[in-house]
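Student: I have the model open and want to learn how to read it. Can you take me through it feature by feature?

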Amino acid sequence: MNKRIRQYAGLISALLSYYLVHEGAHFLYAIATGTFKQINLMALGVQVDIYRDRLSDAQLGWFCLAGPMATFLAWWLMVAFRRQICSARSQVLRACAWYVSIIMAILDPIYLSVIYRFVGGGDMNGISMLVPEIVAQVVFAVMAIINVIVLFKIVLPVYSESFKTNDKS
């Protein structure tokens with residue numbers, strides 16, 4: 001399979017994985033608390049809708065934090081298992097895993113440190129019920145910086161080597 005097709009497959013799998021993990025965590029929390037209402041398909045993705053009046057402010061905060069926590073966990077699991085992932089024979093699988101790693105590492109931290117201000121708040125609206133908004137912003141900004149460093153210094157070299165090695169065989 002050529003490189004361009006692997007890249008598109010990787011990008012599509014990354015977006016689908018992100019929604020599955022992030023929105024899946026919101027969904028599980030909503031089911032566990034008996035507040036699930038519906039799933040909304042929106043222009044930029046999927047949103048789990050809840051019965052807000054059935055949650056305390058703190059519960060809403062945890063509902064909103066569930067998605068970013070799930071992507072954070074998924075990212076660090078991918079970091080921990082990067083060598084096993086890169087030992088897969090399938091270049092498509094490795095390409096997909098690389099793009100999923102990128103999305104899990106940076107999307108939520110960048111969104112929740114900067115971008116949320118320009119698009120209505122999203123999860124930050126609830127997270128700010130647990131901690132002051134500026135504290136959450138700083139924490140997510142620090143997470144973004146750490147994740148980018150880990151992505152380029154620790155994860156990328158393993159993926160790059162796996163593609164070089166496999167391309168030669």
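Student: Where is the kink in α4?

Tutor: A bend at a residue is the angle between two fitted axes, one for the seven residues ending there and one for the seven starting there. In α4, a kink of about 30° lies at Ile106, shortly before the proline Pro109. This is a predicted model, where local features need pLDDT of at least 70 and side-chain atom pairs count only at pLDDT 80 or more, while totals for chains, interfaces and linings use all residues. Residues are numbered from 1 along each chain as its sequence is written, and side-chain values use heavy atoms, with hydrogens and water left out.

Student: What counts as a helix or a strand here?

Tutor: Both are DSSP runs, numbered from the N terminus: helices are H or I with at least four residues, strands are E with at least two. The expected span of a helix is 1.5 Å times one less than its number of residues. α4 has 23 residues and reaches 33 Å from first C-alpha to last, close to the 33 Å expected.

Student: Which residue caps the N-terminal end of α4?

Tutor: Look for a polar contact. That is a pair of N or O atoms within 3.5 Å; within protein, one must be able to donate a hydrogen and the other to accept it, and residues adjacent in sequence count only if both atoms are side-chain atoms. Ser90 is the cap: its side-chain oxygen lies 3.3 Å from the backbone nitrogen of Val92. At the start of α1, a side-chain oxygen of Asn2 comes to within 3.0 Å of the backbone nitrogen of Arg4.

Student: How many residues does α1 have, and where is its kink?

Tutor: α1 has 31 residues. Its ends are 44 Å apart, first C-alpha to last, close to the 45 Å expected. A kink of about 30° is centred on Gly24. After the helix comes Gly34, with a positive phi near 70°.

Student: Is His26 buried or exposed?

Tutor: Buried means under 20% relative accessible area, exposed over 50%, and partly exposed in between, using a 1.4 Å probe and protein chains only. His26 lies in α1. Its relative accessible area is 2%, so it counts as buried. Other buried residues of α1 include Arg6, Tyr18, Glu23 and Gly24. The side chains of His26 and Asp123 make a polar contact of 3.3 Å. Contact in the wider sense means heavy atoms within 4.5 Å. Not counting residues up to four places away in sequence, His26 touches Val48, Phe63, Cys64, Ala66, Gly67 and Asp123.

Student: What surrounds Gln137?

Tutor: Start with its place, helix α6 (residues 133-168). Gln137 is buried because its relative accessible area is 11%. Its side chain reaches the backbone oxygen of Ser113 at 3.1 Å. A second polar contact, also given as 3.1 Å, joins the side chains of Gln137 and Arg117. Beyond neighbours within four places in sequence, Gln137 is in contact with Leu112, Ser113, Tyr116, Arg117 and Met124.

Student: Which residues have the most contacts inside the largest nonpolar core?

Tutor: In soluble globular proteins, nonpolar side chains tend to be buried together. A nonpolar core is a set of buried Ala, Val, Leu, Ile, Met, Phe, Trp, Tyr and Cys residues joined through side-chain atoms within 4.5 Å. The largest one has 22 residues, and those with the most contacts inside it are Trp75, Met78, Trp98, Met104, Leu151, Val155 and Tyr159. Helices α1, α2, α3, α4 and α6 each supply at least two residues of this core. The largest share, eight residues, comes from α4. Apart from this core lies another, of 15 residues, among them Val48, Leu60, Met124 and Ala136.

Student: What does Val155 contact?

Tutor: Leaving aside neighbours within four places in sequence, Val155 is in contact with Trp75, Val79, Arg82, Trp98 and Val150.

Student: In which sense do β1 and β2 pair?

Tutor: Two strands pair if DSSP finds at least two bridges between them. β1 (residues 36-42) and β2 (residues 45-50) pair in the antiparallel sense over six bridges. They form a hairpin with two residues between them. Met42 stands opposite Gly45, and Gln38 has Asp49 as its bridge partner.
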